[in-house]
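Here is a short report on packing and charge pairs. Look over the sequence and the model first.

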Amino acid sequence: MSSVKRVSQIVAAALALAAPMSTMASGPAIPATPVAVESCPARSLLLSFDVYRFGTHLGQAPIWRLGTGPAFYFESGFLVDADGAPNAYNADNTGLDDLSNAGEPGGWDGIIQNEDGEPAVQGPDDPFPGYYISCTSLFDPTKHHRDPARFVNATEVPYVALPHDLAAQTGTKLGDLVFVVNRHTGQSAWAIFADMGAFGEGSIALAENLGINSDARRGGTPTGISYVVFPGSGDGQPKSADQIDMLGEALLGSAGGLEDIGPCAGNAAEHAEAVVEDGAGEQTPAPQRSGDEGS
């Protein structure tokens, strides 16, 4: 059995145990109070995480521990992140992503700043002269701080962004591995934790691997994405897409305890997801990410 298929079966079994959803009168669907888990000791509630969009508290998302190790998973949608791509942002706002997602004057967090606090611009020898230098939280310290290649390119590397508080509460470090499943299509992919961001966010390359619309301005999906995070699985260094896949497959050999989830597969339940509805009632991923973290 292939390692990806094996993980998919493990994850599918775990996801059958997610708590049912409740819908708020204002629209967003948030997890209901988690159900008891004594009947399935392979899964336990790790914590309830506060989810925000545009500064509004939507509710608490259950974060589930898998087995007895540090691995955990959660359900959400998928916001597409272009950070780290050399053509992500420019002054004309014609880059891959809307400039507002890189912050604002005096508070830029998705692009490098020069000595005057202004966005640093790529030079004639850089990949996209005139574009801003977009950054990620994970970077290659051996490269110059204004080298666009210092950062994790969202168009080439499958990565996940996590809220700072979630990473801190779970002991997850930049460079750790994440297995992501698109339950709508059954597609799955390995990724690396490379940026701090919103709850349920990943790179353009990861979206493409999962069969999700990868347009950073209009793509993504509001539901159906499962994130299985493996704290302590990385070394704090950026990786190529091929290296991430190799490390993910190697990780399975030491992911003891996850197989115990199999017997729980029969306990079917609805899946818990944090989503945002637009004013017309159509579910869409929130288009802005800056500051869009849990508390």
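## Charge pairs

Arg 218 and Asp 215 join their side chains in a salt bridge, 3.5 Å from N to O. A salt bridge here is a side-chain nitrogen of Lys or Arg within 4 Å of a carboxyl oxygen of Asp or Glu. The model is predicted: local features need pLDDT of at least 70, side-chain atom pairs count only at pLDDT 80 or more, and totals for chains, interfaces and linings use all residues. Residues are numbered from 1 along each chain as its sequence is written, and side-chain values use heavy atoms, with hydrogens and water left out.

The rule gives a count of 5 salt bridges. The table lists some of them.

| Pair | N to O distance |
|---|---|
| Arg 218 and Asp 215 | 3.5 Å |
| Glu 115 and Arg 146 | 2.8 Å |
| Asp 235 and Lys 239 | 2.6 Å |

Strands (E, at least two residues) are DSSP runs, numbered from the N terminus.

How accessible are these side chains? Glu 115 is exposed, at 70%. Arg 146 is partly exposed, at 28%. Arg 218 is exposed, at 64%, and Asp 215 is partly exposed, at 28%. Lys 239 is buried, because its relative accessibility is 17%.

## Nonpolar cores

In soluble globular proteins, nonpolar side chains tend to be buried together. A nonpolar core is a set of buried Ala, Val, Leu, Ile, Met, Phe, Trp, Tyr and Cys residues joined through side-chain atoms within 4.5 Å.

The largest such core holds 57 residues, and Phe 74, Phe 78 and Val 180 have the most contacts inside it. Strand 8 (residues 188–196) gives the most to this core, with 6 residues. Apart from it lies another core, of 5 residues, including Ile 112, Ile 133, Cys 135 and Phe 151.

What does Phe 74 touch, not counting residues up to four places away in sequence? Its contacts (heavy atoms within 4.5 Å) include Pro 62, Ile 63, Leu 162, Phe 199 and Tyr 227.

## A buried asparagine

Asn 87 lies in the loop between strand 5 (72–81) and strand 6 (159–162). Asn 87 is buried, because its relative accessible area is 16%. Leaving out residues up to four places away in sequence, Asn 87 touches Gly 95, Leu 96, Phe 128, Tyr 131 and Thr 155.

Notes
Buried means under 20% relative accessible area, exposed over 50%, partly exposed in between (1.4 Å probe, protein chains only). Helices (H or I, at least four residues) and strands (E, at least two) are DSSP runs, numbered from the N terminus.
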